[in-house]
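Dear colleague,

Please find the structure below, handed over for your own work. My findings follow it.

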Amino acid sequence: MSSGLITDISLFVLAILVGFEVISKVPATLHTPLMSAANSIHGIVFVGVMITAASAHSTIGYVLAFVAAVFASMNVVGGYRVTDRMLKMFHKPPAPAKADPTNEADRP
Amino acid sequence: MSIVQTAVGYSYLIAAVGFVLGLHFMNSPATARRGNLLSAAGMVLAVAATLALVIDEGTITATGWIVLGVGGLIGTLIGLRTAIRIKMTAVPQLVSLFNAVGGGAAALLAIAGFVRLTSGIHGAMTSRTIVATSLDVVIGMVTFSGSLIAAGKLQGWISGNPIVIPGARGLNVALAAVAVGGSGYLIAGSDSGIVLGIVVLCALVFGVTMVLPIGGADMPVVISLLNALTGTAVAMAGFVIDNSALIIAGALVGAAGAILTKLMADAMNRSILSIIVGGFGTGSSGPVGAVGTGGAVRRITADDAAIQLVYATKVIIVPGYGLAAAQAQHEVRDLAVLLADRGVDVSFAIHPVAGRMPGHMNVLLAEADVPYTQLKEMDEINPEFAQADVALVVGANDVTNPAARRPGNAVSGMPILDVDQAKNIIVIKRSMGHGYADIDNELFANPKTGMFFSDAKVGLDQIIAAAKALVATG
């Protein structure tokens with residue numbers, strides 16, 4: 001059991017370091033979608049809800065699992081959907097508009 | 001380990017890689033959407049693998065299936081519906097809401113585990129499980145109630161101003177002490193459900209009393225912090241049920257939230273502690289009435305502003321909280337297009353804390369169809385102000401105050417946009433009311449500055465109309 005705990009703590013610490021490393025590079029432009037995306041990732045709690053529901057055998061266990069299932073699925077599905085909606089809106093300028101400034105620069 | 005368990009382990013690993021790569025692709029707007037889809041694919045894989053595991057173990061009852069299926073379906077429908085219908089201006093409160101339910105679910109997992117293990121049939125809890133359970137319950141419940149309050153504040157159901165309850169600080173200390181004491185009692189070997197109940201209750205109330213006194217302008221920091229807390233709660237839930245997927249994903253989110261919290265607090269020149277302990281000043285929008293309007297400021301009209309803008313070569317637009325509050329992102333975009341069609345070089349200077357959550361302004365402008373290449377970050381745009389003929393400040397205040405460069409005042413040391421370097425400055429603002437820091441903005445008294453007193457949306461409409469008339473006649 002203790003070696004299992006050490007493995008779990010190692011995963012925890014290393015994942016935090018990976019998180020710091022990956023996220024530090026995200027530009028401010030994308031901070032809202034990033035937070036929303038991170039929000040969806042903690043929807044992984046649904047996996048925990050499935051395991052908990054599988055071991056529930058009492059009324060209170062079922063009630064807790066039910067509420068948790070509603071919460072977690074809302075988190076994960078809604079989170080990914082709204083993040084995608086946001087990211088879809090980020091686009092480059094259309095081609096002609098992009099050509100304009102260069103023409104402008106060439107003219108004089 | 002059975003074959004299924006091994007396969008599930010590898011699936012979790014692949015899912016974790018999906019999450020990390022998904023976040024990595026967030027480095028650029030061009031790849032960000034792909035990144036999110038990759039992360040979603042990882043999530044689907046993790047859920048599918050867990051489904052296989054649950055079927056393989058065969059311990060789930062018929063009622064368990066119904067609970068999971070019906071609960072999952074209801075949550076999915078609510079989540080999808082809100083995610084599709086929500087307005088982009090309301091995204092911060094939606095993120096806050098999803099954050100609340102995530103934290104709530106993580107805490108409920110631990111409570112369910114506690115109830116099952118202390119019912120006597122399955123034997124006592126190990127100390128490792130109970131430590132993780134206590135942390136999960138406390139953090140999860142604080143972020144659940146705290147995020148709901150934050151969402152309520154952003155939605156306007158609860159006043160955005162700091163709500164100060166007399167004796168709140170003492171209450172918070174007492175709540176924290178009881179929650180920690182109760183957790184300690186559980187860790188020491190008690191299996192009392194009543195003690196757990198008290199811990200849950202204290203954590204819930206603590207979440208409320210923690211967020212209520214925090215003003216609207218500090219919300220970017222608070223949302224980031226709550227996001228980090230939920231990630232941590234989910235990781236703790238992973239320790240409770242010994243699940244690597246929850247530990248890794250929760251830790252990633254915890255790290256993400258922690259970094260963003262730090263970035264936001266730095267950008268506002270505030271320590272995280274001082275925000276949590278309770279703000280100075282009176283809130284974000286400042287008093288609406290005139291405060292010393294008769295000072296040395298120069299007032300201009302929509303026509304004056306239009307002339308300056310139309311005949312400029314380079315214009316930098318500085319949108320702020322006031323633009324988001326007035327929902328004027330489409331108007332500002334229309335103005336930018338009008339000017340760009342005249343051959344004016346238009347860009348947007350985005351301060352890190354502009355809007356109501358980190359990067360919110362960028363989302364609003366993206367929604368209004370402004371290409372992201374026009375959105376410039378502070379460090380990138382600051383050297384360009386000196387070449388700008390006009391800097392148009394719409395609803396931003398403290399982040400443009402040159403007083404920040406001097407020591408000895410409320411905004412000292414705060415990174416600001418160098419708007420005062422521009423050749424001409426136009427400020428659209430409802431009144432001379434103070435910003436969040438509650439001090440005079442020296443920019444407004446600058447001889448180069450013209451003040452156009454108006455609501456952001458109405459004012460921009462007037463400027464657009466005036467500019468169109470000008471272009472038509474000229």
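Chain B is divided into three domains: domain 1 spans 1-85, domain 2 spans 87-279 and domain 3 spans 298-473. Please note that this is a predicted model.

Domains 1 and 2 of chain B have C-alpha centres that lie 23 Å apart. Their contact draws on 8 residues of domain 1 of chain B and 6 residues of domain 2 of chain B. On the domain 1 side, helix α1 (residues 3-24) of chain B gives the most, with 6 residues. That side of domain 1 of chain B comprises 7 nonpolar residues, 1 polar residue and no charged residues.

The contact between the chains involves 103 residues of chain B and 83 residues of chain A. Helix α4 (residues 91-118) of chain B gives the most to the chain B side, namely 17 residues. By class, the side of chain B that touches chain A has 59 nonpolar, 36 polar and 8 charged residues.

I turn next to helix α17 of chain B. This helix covers residues 456-473, has 18 residues and reaches 26 Å from its first C-alpha to its last, close to the 26 Å expected at 1.5 Å a residue. Its buried residues are B:A456, B:K457, B:G459, B:L460, B:I463, B:I464 and B:A467. Why do they lie on the same side of α17(B)? They cover an arc of only 160° around the axis, which puts them on the same side of the helix. The face of α17(B) turned away from the buried side carries the exposed residues B:A469, B:A472 and B:T473.

Several elements of chain B cover the buried residues of α17(B). Among the helices are α11 (302-310), α12 (321-325) and α13 (329-341). The strands include β5 (390-394), β6 (424-429) and β7 (449-453).

One residue of helix α13 of chain B deserves a separate note, namely B:R333. Is B:R333 buried or exposed? B:R333 has 21 other C-beta atoms within 10 Å and is therefore buried, the cut-off being 20 or more. Leaving aside residues up to four places away in sequence, B:R333 touches B:L365, B:A368, B:D369 and B:V370. Of these, B:A368 is 35 residues from B:R333 in sequence, while the C-alpha atoms of the two are 6.4 Å apart in space.

Yours sincerely

Terms used
Residues numbered from 1 in each chain as written. Chains lettered and ligands numbered in written order. Predicted model: local features only at pLDDT ≥ 70, side-chain atom pairs only at ≥ 80, totals over all residues. Helix = DSSP H or I, 4+ residues; strand = E, 2+ residues; numbered from the N terminus. Expected span 1.5 Å × (residues − 1). Buried ≥ 20, exposed ≤ 12 C-beta atoms within 10 Å, placed from the backbone. Arc of directions from axis to C-beta. Contact = placed C-beta atoms within 7 Å. Domains from an automatic or database assignment. Nonpolar A, V, L, I, M, F, W, Y, C, P; charged D, E, K, R; others polar.
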